[in-house]
Amino acid sequence: MGTSILGIGQSALAAAQMGIATTGHNIANANTPGYSRQVLLQSAAAAQNDGGSFIGQGTKIGEVKRIYNEFIGQQVNVTQSAQNYSAAYLNQVQRINNLVADQTAGISPSLQEFFSAIQNLASTPNGTAGSAARQSVLSTGAALTTRLAGLGAQLDQVSEEVNSRISQTITDINGYAKQISQLNDSIETAESISGGATPNDLLDQRDYAVTQLSRLVNVTVVEQSGKFNIFMGTGQPLVLGAKVSVLQPTSSLTDPSRIQASYESNGTLIQLNEKSITGGELGGLFAFRTNSLDASRNSIGRISIAIATEFNAQHKLGQDLNGQIGNDFFSIAGPSSTPSSANTGTANIAASFADVGALTLSDYRVQYLAGTSPAPNYFKITRLSDGNAQTSNTLPAVIDGITFNLKSSAVLPAVNDEFLVKPTAAGASSLRVAISDVSKIAAGTPLSTTTPATNLGTGKITPGVIDAPVAVKSNSLTASIGSVVVADSYLSTTLSSPLNLSFASAPNSLAGFPVGALVSVTSGGVTSNYEVAAAAAPSATPPKVVNVPYTSGATVTYAGISFVIKDNPTAPTAGETFTLASSTPVTASTLTYNSVTNSFSGFPATANVTVKNGNTTTSYVAGAAIPYVEGSTISYNGLSFVVSGAYRNGDVINISNNASGTGDNRNAVLLAGLQTKNTMSSGSTSFQGAYGQFVSLIGNKAHELEVTNSAETKLLDQALQAQQAESGVNLDEEAANLLRYQQAYQAAGKLMQIASQLFDALLALGR
């Protein structure tokens with residue numbers, strides 16, 4: 001009996017000793033990150049049958065179990081990833097918000113000062129005050145470009161810092177992935193050596209490493225045979241047992257200034273799609289760069305391009321103090337195109353502005369893809385901001401105010417080649433004032449419209465304006481050519497010599513485009529591209545033609561010039577010509593009023609005239625008498641004016657060149673009007689309005705992320721509290737356990753002492 005009692009006491013002593021050790025381990029690691037408290041599991045030892053009764057044999061020590069709830073752990077990881085995503089995004093977008101919302105740092109004050117200087121010039125174009133006003137225009141223009149360039153430079157700096165953080169985050173991800181892989185191996189080894197015992201502390205370390213990894217990127221954990229397989233994003237394997245897929249920061253294939261995450265597969269680096277990484281700090285940085293930083297840079301660039309392009313276009317319709325036609329007031333970079341470093345062909349894309357008012361805040365991906373036989377290969381142009389894609393068998397193609405074309409029509413891309421086109425990214429940093437001589441500011445208009453004092457009626461004519469840099473003329477008696485629409489990419493050197501197009505029949509076509517010219521014809525919403533050549537080659541891409549096909553009412557586009565020729569009332573006669581030339585200098589004309597026919601005559605012999613009365617516009621072929629409608633706008637050869645009043649038979653109107661721009665403020669008034677004119681977002685807002693929309697966009701995003709981050713932080717706190725409530729070490733509880741095990745240890749010792757005394761008594765009986 002004494003021996004049995006001694007064994008029972010010994011098992012109790014061992015259990016109490018193990019309990020004290022476990023409790024001490026918990027107390028020692030109370031502040032260890034990722035540690036889960038451990039408890040000793042014990043059970044009664046098998047009883048011994050002694051006659052008619054089972055006598056207990058003490059206690060049996062089981063495993064030391066860690067208290068860990070896998071479901072709560074997953075919740076912590078998910079909320080950790082979401083909170084760090086929103087925090088990383090918020091920290092970055094707040095920088096831009098603070099930058100653009102500051103009234104002293106934004107562009108609003110500079111923009112207002114510049115147009116105030118233009119308005120001052122319009123008010124005082126003459127003398128000393130006029131000279132000072134001109135100098136103020138140049139000075140405030142330079143200040144505006146400096147402010148925009150500075151804002152662009154600060155956004156570039158943010159971009160560089162984001163690249164640096166992305167690289168560091170990728171390095172940290174690799175570190176945790178390697179740690180998890182090593183722990184997978186260590187856990188397997190420990191379980192093998194111990195015969196299946198659970199290495200609690202190693203499991204805690206692995207779970208904590210996964211939690212830390214989830215701060216950096218959204219991960220999915222799949223347990224297989226006791227090992228963790230870690231997948232990131234939308235399924236990219238990061239850890240498979242003991243194998244790690246090491247990530248590398250690499251330059252984007254189509255944008256060397258942009259750091260991407262890549263992984264190696266069969267010796268080849270494969271770049272991950274930014275949109276596939278949706279959580280953690282890395283996902284937040286990628287989302288910020290794609291959705292806010294790129295949009296910010298493009299927004300500032302778009303405003304810069306719109307200011308430069310619209311101002312230049314109007315300035316070039318004016319006349320400076322030297323009597324010369326105005327040149328570009330601003331200089332600015334056009335769209336950029338970068339071929340992918342993975343391309344196998346040598347082609348590149350040439351992009352230009354067709355209509356800056358239609359520009360978006362997006363960049364574009366251009367791909368050359370294989371057509372399904374017998375369909376031809378085709379170009380796919382994708383707007384990256386929303387994934388909207390359009391296709392075209394040939395280029396050029398006009399999308400969102402941008403003309404996409406091949407840099408050389410003789411060099412086609414290889415199948416699957418792709419290019420990144422950035423229309424507006426370089427706008428702010430490249431904006432400069434292009435003139436330095438105050439006399440070259442074109443405040444006047446190179447047009448004079450007068451009615452002589454000898455007229456008998458009360459007819460009046462407005463001073464007149466130059467509407468377009470291109471004038472159209474024709475000698476056709478049965479067809480007319482409408483006013484030219486000039487794209488923002490148009491160069492005045494294109495028509496340094498007039499372009500004479502002759503009508504040819506059977507089939508109907510237009511001859512006279514220079515060899516090598518790319519011409520687009522749009523009819524019924526369908527655009528066909530042609531390359532003018534010395535000999536026809538219909539199977540070429542685009543088709544090579546000697547003459548461009550003619551369709552009445554179709555829009556013909558060439559070198560940034562678009563015009564419409566239509567039957568009026570019948571098709572032109574073979575040999576009739578349509579001419580496009582510079583609208584200045586103005587052809588001097590004397591228009592005479594005929595009271596019998598209530599019309600004007602005397603227009604240039606080849607002028608096609610349009611009369612706009614309210615919303616009604618009527619076109620007249622060259623040589624036709626033009627009906628007089630009071631208050632109507634008469635346009636021809638790129639100029640227009642409004643006639644009103646009561647003309648008498650024989651009254652005349654004189655149209656001529658303006659002798660000098662001195663004292664003339666007409667173009668300055670039009671330049672000042674650009675401040676409030678809706679020239680952006682397809683004619684829905686002004687420069688200032690577009691900037692306000694941008695500031696609002698960033699401000700709303702910052703506020704949205706503040707709310708989101710606050711909510712995610714609370715969810716994370718709740719998940720951590722739930723985890724700590726179950727797995728955390730409570731020192732008060734452990735102190736109570738320590739006291740309990742101490743008392744058990746002392747009691748077990750007393751039991752063994754009694755057993756020893758009983759055994760000694762038995763031995764004494766035998767002596």
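**Exercise 1. Work out how helix α3 and helix α8 are arranged relative to each other.**

Solution. Start with the axes: those of helix α3 (residues 108-123) and helix α8 (residues 666-673) come within 8 Å and cross at roughly 155 degrees. Axes here are lines fitted to C-alpha atoms over the stretch in contact, with angles from 0 to 180 degrees between N-to-C directions. Helices are DSSP runs of H or I with at least four residues, strands are E runs of at least two, and both are numbered from the N terminus. Next, apply the cut-off: angles over 145 degrees count as roughly antiparallel, so α3 and α8 are roughly antiparallel to each other. Finally, the crossing is left-handed, meaning the near helix is turned anticlockwise from the far one by less than a right angle.

A word on the model: it is predicted, with local features needing pLDDT of at least 70 and side-chain atom pairs pLDDT 80 or more, while totals for chains, interfaces and linings use all residues. Residues are numbered from 1 along each chain, and side-chain values use heavy atoms, without hydrogens and water.

**Exercise 2. Describe the segment 94-330.**

Solution. First, the record: UniProt lists these residues, in an unreviewed entry, as "domain: Flagellar hook-associated protein FlgK helical". Then the make-up: residues 94-330 are 61% helix and 15% strand. Last, the end C-alpha atoms of this segment lie 32 Å apart.

**Exercise 3. Find which helix gives the largest share of the lining of the second largest pocket.**

Solution. Begin with the contributors: α6 (280-315), β15 (364-369) and β20 (418-422) each supply at least two lining residues. The largest share, five residues, comes from α6.

Conventions: UniProt positions renumbered as here; feature names shortened; annotations may be inferred. Parallel < 35°, antiparallel > 145°, perpendicular 65-115°, else oblique.
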